[in-house]
Amino acid sequence: MIEVKNLVKRYGDKQAVNDISFSVGKGEILGFLGPNGAGKSTTMNMLTGYISSTSGKILINNVDILEDPIKAKSNIGYLPEIPPLYVDMTVDGYLNFMFDLKKCKLSRKAHLKEICDLCKISHVRERIIKNLSKGYKQRVGLAQALINNPPVLILDEPTVGLDPNQIIEIRTLIKKLGKNHTVILSSHILPEIQAVCDRIIIINKGVIAADGTASEIAGKLTNEHKMTVRIEGATHTANDKNEIAEALKAIDGIKYVRADMEREKGIYDYDIETDEQTDVRRAINTICRENGWNILMMQLSDMTLEDIFLKITTSDAAAEAGNNEPTAKPLAGMEISFEKEKGKKSEKGGEK
Amino acid sequence: MGAIYRREMGAFFTSGIGYVFLAVFALFSGLFFSMGVIGSGVSDMSPMFSSMFIIVLFLIPILTMRLLSEEKKNRTDQGLLTAPVSLSSIVLGKYFAALTLFIIAESIVFIYSVIIALCGDVIWSTLLGNYFAMLFLGAAFIAIGLFISSLTENQMAAAVISMFVLFILYLLDSLASSVPWDFLKKALLSLSFYSRYTEFTSGLFDFSSVLFFLSTAVLFNFFTVRVLDKKRWG
């Protein structure tokens, strides 16, 4: 559906996008992830023909965007970072304008109604756009992108400015759209990408740093497996801690054990690293049974997307500081979502 | 092109610029009509048309200032440039919207002709000659204004620069008379919008001048398309 080959964009001396290649299939939802200024928006602007590339090739539905821009653009619905809204118009007037501009052949009334219902803006259709809240403007922007039912949707940070309920709505909507559209969306909100996208491309400094599903990317970055177990010892004292840690270390396949904080009174968590092949869960269970300890929690902690993101985008700085902890302190704004994500992981871990 | 044309026509009136343009045009043409035509007891409207040159020169930048600058400032150009339409249809849609408003404003002279018809005879050949001369002048000036609007994000800057440029074009005659070299004098005079326009108001319908105005319009619309295209490569 979308093919990008060796895409380069230079602004004077500054290399905004440096030799990016990827392809997206039909019905795939691809997430662009990257820190600010990584080249996400530039790439999207090139994909949609708003700016042209310095070199490289973009095929949308097998049509080269430079050779036949009009045909290529008719396959794309684009929601830029700032929705391109004429704020003096009513929502209805604006959508009708975009309907005409895209030379849409569908039934006007039914198509616009369908889109407005989908984006939940039916009740504001008569309002002037400048009087709408940020969230509604964003939805009108999304509605505009959906006009003419384009097979490719390119959404640049679609949930910016929305409240949590709306974010969930939009994500559900995008997932729904992903069933019969090809969607590329960018975001720097990690859980969002993880919740919506089948595949992730991490862009850093204008190059693709990673490409694949979240677990594939994680797998490439590390060959260690980590888990956390919470074990209740017999005496509920610090003595337990050492005893249990020693016993765990003795298990075949466990490379590293670290007694973590006291999570419940007298009960400790143990972070364990194992090699790839060995499954140590049964061995841990056996030891505990033999010693009369209780396992209160066992959680596999694969790298989360946060870990991956931080590892990739800060790898230089981290290496210099000698900081190999993948779970470096998340940025302030990410903290809440980070915790949430952790919770989700533990559920998953439990299932395993 | 149709969608952009209709939106621009709507925007002229929602933004109020359309009303201001029509009102100021009507005010000054009415003033010149009552003083220069009715006041001096003639039935020829040419004096009014020749006085309107300077008013048109200041009014057209008001009409064209926001056409492209505002799109860029509000990032609505992203919607236009990623839609399946060509650059030339974007530019021409806007151009013809402005031209339509200008024609509406200018057509007020037909109301004046009714007033003249009440007390004398209307000389239709000179009236229509003047009418089309002003239309061609407007067509050229709007293209220049639209081009300048494509160069900046600031609509006030677009208006001021357009007025300045059009004023320079107006001054070409006096400039020509003060240059010592003959060939330069000739070149400047041949570019003079004012002398070509006043030829019409003195009753001379010159096709080379019509061609001059129209090719100016085509040329500057072409430049505008190139500016939009070049921005994508920046």
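The structure is a predicted model, in which local features need pLDDT of at least 70, side-chain atom pairs count only at pLDDT 80 or more, and totals for chains, interfaces and linings use all residues. Residues are numbered from 1 along each chain as its sequence is written, chains are lettered from A and ligands numbered from 1 in the order in which they are written, and side-chain values use heavy atoms, with hydrogens and water left out.

Helices (H or I, at least four residues) and strands (E, at least two) are DSSP runs numbered from the N terminus. Strand β7 (residues 152-156) of chain A has five of its five residues buried, where buried means under 20% relative accessible area, exposed over 50%, and partly exposed in between (1.4 Å probe, protein chains only). A:Val152, A:Ile154 and A:Asp156 lie on one side of β7(A), and A:Leu153 and A:Leu155 on the other.

Strand β3 (residues 29-33) of chain A is largely enclosed by the rest of the structure, because five of its five residues are buried. From β3(A), A:Ile29, A:Gly31 and A:Leu33 point one way, while A:Leu30 and A:Phe32 point the other way.

Two strands pair if DSSP finds at least two bridges between them.

| Strands | Bridges |
|---|---|
| β6(A) (residues 76-79) and β7(A), parallel | four bridges |
| β7(A) and β8(A) (residues 182-187), parallel | five bridges |
| β3(A) and β8(A), parallel | five bridges |
| β3(A) and β9(A) (residues 199-204), parallel | four bridges |

Within these pairings, A:Leu153 has A:Val183 in β8(A) as its bridge partner, and A:Leu33 has A:Ser187 in β8(A).
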